[in-house]
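Subject: Structure handover

Hello,

Here is the structure I promised to pass on. My notes on it follow below.

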Amino acid sequence: MTADFRRILIDRATQPYYAAGSFAWHFARGKLRGDPAFFGLLEHGLIPDAGRLIDLGCGQGLLASWLLEARALHESGNWPPHWPAAPKIKEIWGLELMPKDVDRARAALGNRAQFDLGNICTAEFGKTEVAIILDVLHYIDHDAQEGVLRRIHASLPAGGTFITRIGDAAGGLPFHYSNWVDRTVFYLRGHRISRLYCRTLNEWLAVLERNGFRVKPLPMHKGTPFCNVMLVAQAV
Ligand SMILES: C[S@@+](CC[C@H](N)C(=O)[O-])C[C@H]1O[C@@H](n2cnc3c(N)ncnc32)[C@H](O)[C@@H]1O
């Protein structure tokens with residue numbers, strides 16, 4: 001059941017990317033098949049039901065597609081009985097720096113989610129119940145990271161959820177390997193980055209705590225050679 005279910009969910013979440021072109025479709029399939037974060041968010045029930053969820057640095061909007069299809073499958077009764085319910089989210093908003101990615105997200109998902117071009121360091125987030133940042137914070141400098149965390153905290157109610165995935169800079173070879181892959185994928189997608197602003201897991205925990213979050217770290221690199229950790233935080 002679960003292997004079949006996994007295939008069905010990947011097929012459904014990638015199918016909308018046909019409309020966004022062959023690169024977008026292949027990229028979506030590769031990412032959803034190979035990155036444990038997407039199933040991990042569901043299997044661990046990390047995302048609560050919410051009126052609004054914001055995905056900062058959303059790329060081509062894969063998380064939105066994933067959550068929409070997960071909920072649709074759940075509602076149709078095709079859902080692993082031992083998994084937590086798929087989150088019910090009324091509104092998903094993705095913010096992304098790269099125009100091509102915003103175009104792909106819009107082409108794939110139309111009005112099922114909203115995608116805007118913008119910089120997470122300066123854009124208004126509005127009020128939200130859930131904020132997610134997957135593999136983005138290390139592209140902006142340390143002061144800017146704190147600024148984003150402060151503004152996310154201000155946009156959440158007490159108890160609101162913030163989830164981010166980071167690489168642990170104390171992770172040795174797997175950490176350096178993931179940075180190399182990161183730079184290569186970015187280069188192939190036509191972006192240039194001069195440096196990455198990483199921290200150790202302990203430094204991430206400290207920076208989140210001093211910006212008003214209670215945090216639970218969850219390793220999220222099963223099946224990959226990386227040392228990524230999902231930080232599941234509650235605004236206090
Ligand atoms: C590794 S990709 C992850 C994309 C998406 N979160 C996912 O998991 O599929 C990082 C994304 O962050 C975006 N990004 C980097 N810096 C940003 C910024 N300052 N504001 C908005 N997006 C940014 C990049 O353009 C890229 O699409």
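In helix α8 (residues 201-210), the buried residues are L201, W204, L205, V207 and L208. Buried means under 20% relative accessible area, exposed means over 50%, and partly exposed lies in between (1.4 Å probe, protein chains only). Seen down the axis of α8, its buried residues fall within an arc of 165°, so they line one face of the helix. The arc is that of the directions from the helix axis to the C-beta atoms. N202 and R210 are exposed on the other side of α8. The buried residues of α8 pack against α6, β5 (161-167), β6 (213-219) and β7 (228-235). Contact here means heavy atoms within 4.5 Å. Just after α8 comes G212, with a positive phi of about 95°.

Before you go further, note that this is a predicted model: local features need pLDDT of at least 70, side-chain atom pairs count only at pLDDT 80 or more, and totals for chains, interfaces and linings use all residues. Residues are numbered from 1 along each chain as its sequence is written, and side-chain values use heavy atoms, with hydrogens and water left out.

Now the whole chain. The protein chain has eight helices and seven strands. Helices (H or I, at least four residues) and strands (E, at least two) are DSSP runs, numbered from the N terminus. The radius of gyration of the protein chain is 17 Å, close to the 18 Å that the globule rule gives for 236 residues, so the chain is as compact as a globular protein of that length. That radius is taken over C-alpha atoms, and the globule rule is 2.2 Å times the number of residues to the power 0.38. The C-alpha trace spans about 45 × 40 × 35 Å along its principal axes. Of the 236 residues, 52% count as buried. Among contacts with a separation of 6 or more, 71% come from residues 24 or more positions apart.

The surface and charges come next. The chain has 27 positive and 23 negative charges, and their mean positions are 2 Å apart. Lys and Arg count as positive and Asp and Glu as negative, while His and the chain ends are not counted. Each charge is placed at NZ of Lys, CZ of Arg, CG of Asp or CD of Glu.

Back to α6, one of the partners of α8. L149 lies in this helix, α6. At 1% relative accessibility, L149 counts as buried. Leaving out residues up to four places away in sequence, L149 touches L137, F162, V207, L208, N211 and F213. L149 and L109 are 40 residues apart along the chain, and their C-alpha atoms are separated by 28 Å.

Strand β7 also packs against the buried residues of α8. N228 sits in β7. N228 counts as buried, at 11% relative accessibility. Its contacts, neighbours within four places in sequence aside, are R165, I166, G167, P219, M220 and H221. F175 is 53 residues from N228 along the chain, with 7.9 Å between their C-alpha atoms.

Next, helix α5 (residues 99-109), where A108 is found. Which residues of α5 are buried? They are D101, V102, R104, A105, A108 and L109. They cover an arc of only 160° around the axis, which puts them on the same side of α5. Their cover includes α2 (22-34), α4, β2 (89-96) and β3 (114-117). A108 has a relative accessible area of 11%. Beyond its neighbours within four places in sequence, A108 is in contact with P16, Y17 and A20. Just after α5, G110 takes a positive phi of about 50°.

C58 is in the loop between β1 (50-56) and α4 (62-75). C58 is buried, with a relative accessible area of 8%. Not counting residues up to four places away in sequence, C58 touches G94, L95, E96 and F115. D135 is in the loop between β4 (130-134) and α6 (142-155). D135 has a positive phi of about 60°, although it is not a glycine. At 23% relative accessibility, D135 counts as partly exposed.

Best wishes
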